[in-house]
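Here are my notes on the model, point by point. Please read them with the structure open.

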Amino acid sequence: MGTARRQILLNALKLFDLALLVACFLVAAFLVLRQTKTGLTFEEVLGMRIKLGNFFLFAGLMLAWHLIFTFFGLYGSRRFAGRRRDVIDFAKASTAGAVFLLLAASLFKIRLVTHLFLIVFWLAAVVSTVGSRLLLRSLLERVRIHGRNLRFMLVVGTNRRAIEFANRMARSPALGYRILGFVDQDWHGLQQIAKTGFPLVSDFENLSHYLRKTVVDEVILTLPMRSLHEHGAAVTAICEEQGIPIRVLNNLFDLKGTPARVEELEGATLITHHAGIVEGWPVIVKRALDIVVSATVLVVLAPLLAIVAALIKLTSPGPVFFLQHRLGLNKRRFSIYKFRTMVPDAEQRLQEIEHLNEVSGPVFKIKADPRITPVGRFLRKMSIDELPQLFNVLKGDMSLVGPRPLPIRDCDGFDKDWQRRRFSVRPGITCLWQINGRNSIPFEKWMQLDLEYIDMWSLRLDFEILLRTIPAVLKGSGAA
């Protein structure tokens with residue numbers, strides 16, 4: 001699509017979004033005025049257009065709406081975004097627009113904008129913007145499948161990643177990309193491209209000539225690291241010189257299961273691969289919930305904590321709390337807080353009973369541990385001994401949900417490096433292991449559950465684990 005034509009269609013899309021804003025505003029006004037008594041009629045609302053102050057207010061709202069949509073990247077290319085990404089981004093933008101309207105209504109005392117108005121406006125905005133974009137996406141996909149609105153792409157490199165990328169593009173004609181072929185020097189892997197059906201159109205020396213004579217909208221650089229400095233820089237310079245956009249396939253090291261994103265650091269552009277939970281607003285919400293929930297539970301359960309402390313002190317000599325070094329986020333050491341459930345010299349007596357270990361792997365657990373006190377056995381069965389870890393959550397050493405923090409002795413016994421990926425997130429009070437049998441689960445399965453949590457993490461998963469922890473604790477499943 002030509003630049004001028006694309007600009008015309010983009011401006012038309014922006015005007016359409018502003019028309020949707022006006023329609024949502026009028027729909028909300030009409031429905032709210034029918035249900036409430038605000039002292040205004042719908043005719044009066046329409047008549048508000050002629051007032052200069054209201055005109056500027058509404059113009060400001062339209063400008064803010066446009067800027068918000070631009071900020072969320074809704075007017076850039078959305079070919080690679082996908083339907084799910086569209087729904088999320090447009091819902092976020094509409095929500096931000098509704099929040100701005102709320103702030104403006106509070107500041108300028110707009111009588112019409114009540115809480116009910118905002119709810120109706122927000123729902124109408126989300127449904128209309130998301131619905132219109134999904135419809136537009138479907139229409140564009142049909143157009144591209146039939147050979148219109150195409151972008152021609154050249155892949156530099158013929159390694160496995162390059163071939164996989166070309167095959168993915170071929171399987172997705174609705175994206176509107178067509179692979180022209182590959183660019184590479186002669187090497188033993190060239191015969192692999194015959195299976196793709198795409199030709200080798202040029203080598204590095206003749207790339208400039210090929211670009212001069214061929215319609216190329218984008219170049220994809222997939223060269224391995226050993227060739228990146230020698231040929232990649234030259235290819236990039238050629239594309240820059242001829243004004244052709246170049247994309248770099250970011251998975252340079254064939255990392256699997258580690259999402260990547262582009263970041264800026266003191267003017268340098270970095271491609272960051274995240275092996276754990278990716279930072280963002282969900283992580284901020286997770287930390288905020290950790291603080292609010294742990295502080296609330298500590299206040300509510302303060303009488304219970306005091307009673308437990310008294311019972312431990314009265315029934316067994318020694319301190320109330322048991323402190324032990326554990327490994328947390330990125331293997332940082334911290335002191336974990338627990339109610340003491342064993343005799344004071346339990347750590348020193350571990351070697352005497354180590355041969356009785358009943359679980360696999362480097363961890364040590366036995367059901368009838370002679371070091372546990374009578375009160376401690378009850379506290380462990382009900383997981384009450386772990387309540388002081390809420391202080392660790394408040395400090396930031398732990399989270400409510402995450403892989404259980406292990407003693408340093410157990411961590412030193414890991415025999416596979418993949419098990420150490422559990423250190424890429426904050427440890428937690430409860431986790432998938434906790435709700436799936438605890439000590440009855442083999443060590444290898446335990447570690448796999450921790451990695452499953454990291455790979456599948458979401459706020460929803462945290463809520464599910466927290467809700468399932470309560471019945472698991474009440475049943476005492478797997479507790480030692």
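**Notes on the fold and selected residues**

1. E1 and E2 pair in the parallel sense, over 6 bridges. Pairing here requires at least two DSSP bridges between two strands. Helices (H or I, at least four residues) and strands (E, at least two) are DSSP runs, numbered from the N terminus. Leu154 stands opposite Gly181 in E2.

2. A word on the source. This is a predicted model, in which local features need pLDDT of at least 70 and side-chain atom pairs count only at pLDDT 80 or more, while totals for chains, interfaces and linings use all residues. Residues are numbered from 1 along each chain as its sequence is written, and side-chain values use heavy atoms, with hydrogens and water left out.

3. The sheet around E1 is open and has 5 strands, in the order E3-E2-E1-E4-E5, with parallel pairing. Its edges are E3 (200-202) and E5 (246-248), each of which pairs on one side only. On average, neighbouring strands of this sheet are turned by 35 degrees against each other, direction ignored. Axes are lines fitted to C-alpha atoms, for helices over the stretch in contact, and angles run from 0 to 180 degrees between N-to-C directions.

4. Helix H6 (residues 160-170) lies across E1, E2 (177-183) and E4. The helix runs at about 155 degrees to E2. Of the 7 residues of E2, 5 are buried, so this strand is largely enclosed by the rest of the structure. Buried means under 20% relative accessible area, exposed over 50%, and partly exposed in between (1.4 Å probe, protein chains only).

5. Val155 deserves a look. This residue lies in strand E1 and is buried, at a relative accessible area of 0%. Its bridge partner in E4 is Ile220. The C-alpha atoms of Val155 and Leu221 are 6.3 Å apart, although 66 residues separate them along the chain. Leaving aside residues up to four places away in sequence, Val155 touches Ala162, Phe165, Ile179, Gly181, Phe182, Val183, Ile220 and Thr222. Contact means heavy atoms within 4.5 Å.

6. How many aromatic pairs does the structure hold? There are 13. Rings of Phe, Tyr and Trp (its six-membered ring) pair if their centres lie within 6.5 Å; planes under 30 degrees apart count as stacked, over 60 as edge-to-face and the rest as tilted. Phe182 and Phe198 form an edge-to-face pair, with centres 6.4 Å apart and planes at 70 degrees. Phe182 sits in strand E2 and Phe198 in the loop between E2 and E3, 16 residues apart. Both are buried.

7. Phe321 and Phe339 are stacked, at 5.4 Å centre to centre and 15 degrees between the planes. Phe321 lies in E8 (residues 321-327) and Phe339 in E9 (residues 333-339), so the pair ties together parts that are 18 residues apart in sequence.

8. Lys14 lies over the face of Tyr75, 5.5 Å from the ring centre. The criterion is NZ of Lys or CZ of Arg within 6 Å of the ring centre and within 35 degrees of the ring normal.

9. Most residues other than glycine have a negative phi. Asn330 has a positive phi, near 55 degrees. This residue is in the loop between E8 and E9 and is partly exposed, at 46% relative accessibility. Ser383 also has a positive phi, of about 60 degrees. Ser383 lies in the loop between H12 (374-381) and H13 (389-395) and counts as buried, at 10% relative accessibility.

10. Overall figures follow. The protein has 17 helices and 11 strands. Buried residues make up 42% of its 480 residues. Among contacts with a separation of 6 or more, 69% are between residues 24 or more positions apart. The accessible surface comes to about 26600 Å², and 63% of it belongs to carbon and sulfur atoms. Areas come from the Shrake-Rupley method with a 1.4 Å probe; for residues, only the protein chains shown count as cover.
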